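Okay, everyone, thanks for coming. Let me put the structure up on the screen, and then I'll walk you through it.

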Amino acid sequence: MRAKTFRKGIHPPGNKERTAAIPIEVLPAPKRVVLPLCQHIGAPAQPLVTVGEEVTAGQKIAEAQGMVSATLHASISGKVTAIEEWPHPTGKQLPAIVIENTGGQGFSPAPGVNPGRPLAEITGEEIKELMRAGGLVGMGGAALPTHVKYYPPAGKKIEYIILNGAECEPFLTCDHRLMLERPEAVLYGLKAMMKTAGAKKGYIGVELNKADVIKVLQEKASGDPTIEIVPLRVKYPQGEERMLIYAITGRVVPTGGLPVDVGVVVNNVGTAAALADLLQTGKPLISRVITVTGEGINEPKNLEVPLGTLLEDIVAHCGGLKDNAGRIILGGPMTGPAHYRLDLPVIKGTCGILIQTREEIGEMEYMDCIRCGKCVEICPFSLLPNYLGLYAEKNRLEEAKRYGVMECRECGSCAYVCPSRRPLTQWIKDAKRKITAAQRKTG
Amino acid sequence: METTQLTVSPAPHIRARQSTAGIMWMVVTALLPAAAAGVVLFGRPALIVIISSILAAVLAEALCQWVMGRRITVGDGSAAVTGLLLALTLPPELPWWMTISGAAFAIIIGKQVFGGLGHNLFNPALAGRAFLLASWPTAMMTWKWPAGSLSWAGGSADAVAGATVLELARRGFFAQHGVQVPYSQLFMGNIAGSIGETSALALLLGAVFLLAFQVIDWRIPLGYLGALAVLAVLAGQNPVFHLLSGGVLIGAFFMATDYVTTPITPGGRFFFGLGCGVLTFLIRIYGGYPEGVTYAILLMNAAAPLLEKATIPKRFGEVRANV
């Protein structure tokens, strides 16, 4: 199979075999869910319910505020017991709606959906409205409200929709299982997205380590010349948006620009499946598939969980933590943040929970840069991470800017390869945050 | 839930296996064949030079860091690399106290005054060698042929006994006497020269090891050896002779590839190697010394920041205004 790829990058061990062959299991509705009002990029939603109110799964409980924001739905049926600040995966305390389970089954479909209506009869405008009504956001991690991508700036045309099925983060297998078990939903979602955007072609990029998925998708899509399944080389960060676009189309998104500048919209395969569910059954975004994995968990699994399910309930369902569990990571090991508490909820952008053991946590102490150049050799954006790290560490933000710190997408590859164990990505993130804050201040 | 000791730290949470100390010890490993060849060829004096140089370098590093109240980091292996590299560039019978002075200079002036590992401008081992060359030129150019290695010279054996093949070529010895350059000896290392520079075979073994594990960047030796060979051909000289004689191989694979003192950009590294090759050739042909590797690399060290600035790669997505 001829596989496409981008330049540079790294080859961390995949560690996917723990869960790659385990079918997705549906987690029974927990006794309580916690739904933060902000699970997406943009303005938090406004609550529509009050404490004490009974809600059913799928019911809209918070309204999106403006264009870049996402509507929120109850993920289980129950009673609203609190609207209060709760620990959030970002590390902050943010307002959330707490629902206690009362044992109700099923869900109420999103208004405006007519399940069973063929795609040919639904217009692109309707789909965009449904994306908003269904609370759809990007499920690869960034959680940008999905509809936003389908309002291109004046004069820009979307030619291609690319579904990101690379799943390049080690350990994670949720997209793998989803594509394997629900290929029709993924393809249906892609067709709907193409229709919404008026795109002439749809691609699904899948890394070669998921040969079974490539085969299944190619079979299912064989009759459709507008859809192409693209095998990708196993390399990190293959699923980084701009690397994926380059690998598949050869187009380079200009610095400071957006994928739409080169006529492309990228969505995660999970988002496509969620869109298919919404259009076919009226189910808004109230659950998602996550991978629970790592040396530190007793029973690794792929789970479909209601949004707002707390980590502690998921961990308990997976046989609990091992005695030597030492680090809890939300998402993959390359970019996911580490957390110290298990009362965090799964939100729309949570791809997985990785539990490492204490033995796996390496030396934290770092040395001076020896200028070995490994970070320069692998940086997919051809930056000089060693200098970005040095300038950021010393708070020399002007120089960091000149060396392109704002162009870094924080994939973590430089810190991964650094033999002196320098926390380059962390310094770079800090510098970016400070520069953005300063710009906001000066307006 | 019972309490578990949890660590919170920034992503990425997995790291490549190769560490800085690991790299240094790999360089030491790669130099072992050359060091062993030196001891076999030149005997016990060579072993004494090697051991005293390494010990002096490591002790000087520890002492400096202790005096400055810094963390003592001799375990990272970088001082041992400097000591070993320096020893391999010294004549086999150099007095031990000269060796120690050179190693101390390399670490203290060549490295620690700049701030230690990662901060020095010049290759510390070569700085130490340049210091010795300036301080005790005679001792530093006293050469010895390994026992029984002069049979190729026939009746002229006495005339060549104290000289390296480079010096002999410079004097026009081979042409005058109609004697063939002993190429197989040049390759095996059975000739006069510094402890670790004579055996091309041993050095190439180490070089292959470092290249295979991507410890060193191939662009530097390619530029270095390529430039030297091309210039030799253009000047009507034998490129193989230039590559195998003197310190070119140890320089190209082990000195010019030092991370700290070379450009970090891929393009910069190639041009750095190229510059080393050109300077080595110019010094050999026009300079006051028969060999030019030390000064070629030191001069290019000085040019490294400039080369780096000139070769910053184009960023992904960068739209240059005047393209």
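Let's start with helix H2 of chain A, where the buried residues are A:Cys174, A:Asp175, A:His176, A:Arg177, A:Leu178, A:Met179 and A:Leu180. That helix runs over residues 174-181, and it's mostly covered, with seven of its eight residues buried. By buried I mean that 20 or more other C-beta atoms lie within 10 Å of the residue's own; exposed is 12 or fewer, partly exposed is in between, and the C-beta atoms are placed from the backbone. Helices (H or I, at least four residues) and strands (E, at least two) are DSSP runs, numbered from the N terminus.

Some housekeeping. This is a predicted model, in which local features need pLDDT of at least 70 and side-chain atom pairs count only at pLDDT 80 or more, while totals for chains, interfaces and linings use all residues. Residues are numbered from 1 along each chain as its sequence is written, and chains are lettered from A and ligands numbered from 1 in the order in which they are written. The model scores ipTM 0.92 and pTM 0.93. For chain B the mean pLDDT (the predictor's confidence in each residue, from 0 to 100) is 93, and 98% of its residues reach 70 or more.

Now, chain A. An automatic or database assignment sets the domain bounds, and chain A is divided into domain 1 (119-281) and domain 2 (374-442). Their C-alpha centres lie 29 Å apart. Five residues from domain 1 of chain A and five residues from domain 2 of chain A make the contact, where contact means C-beta atoms, placed from the backbone, within 7 Å.

What about the cores? A nonpolar core is a set of buried Ala, Val, Leu, Ile, Met, Phe, Trp, Tyr and Cys residues joined through C-beta atoms within 7 Å. The largest has 148 residues, and A:Ile161, A:Ile162, A:Leu190, A:Leu275 and A:Leu388 touch the most other members. Both domains of chain A give residues to this core, so it lies between them. There's also a second, separate core of 90 residues, which includes B:Phe42, B:Val81, B:Leu88 and B:Tyr224. Back to A:Leu275: leaving out residues up to four places away in sequence, A:Leu275 touches A:Met131, A:Leu136, A:Gly189, A:Ala192 and A:Met193.

On to chain B, with domain 1 (20-140) and domain 2 (161-310). Here 20 Å separate the two centres, taken over C-alpha atoms. The contact takes 31 residues from domain 1 of chain B and 28 residues from domain 2 of chain B. Which helix gives the largest share of the domain 1 side? That's H1(B), with twelve residues.

Beyond its neighbours within four places in sequence, B:Phe241 is in contact with B:Ala169 and B:Val181. The C-alpha atoms of B:Phe241 and B:Pro182 are 9.8 Å apart, although 59 residues separate the pair along the chain.

Last, how do the chains meet? 54 residues of chain A are in contact with 36 residues of chain B. On the chain A side, the largest share, five residues, comes from strand S15(A). Okay, over to you for questions.

Terms used: Two residues are in contact if their C-beta atoms, placed from the backbone, lie within 7 Å.
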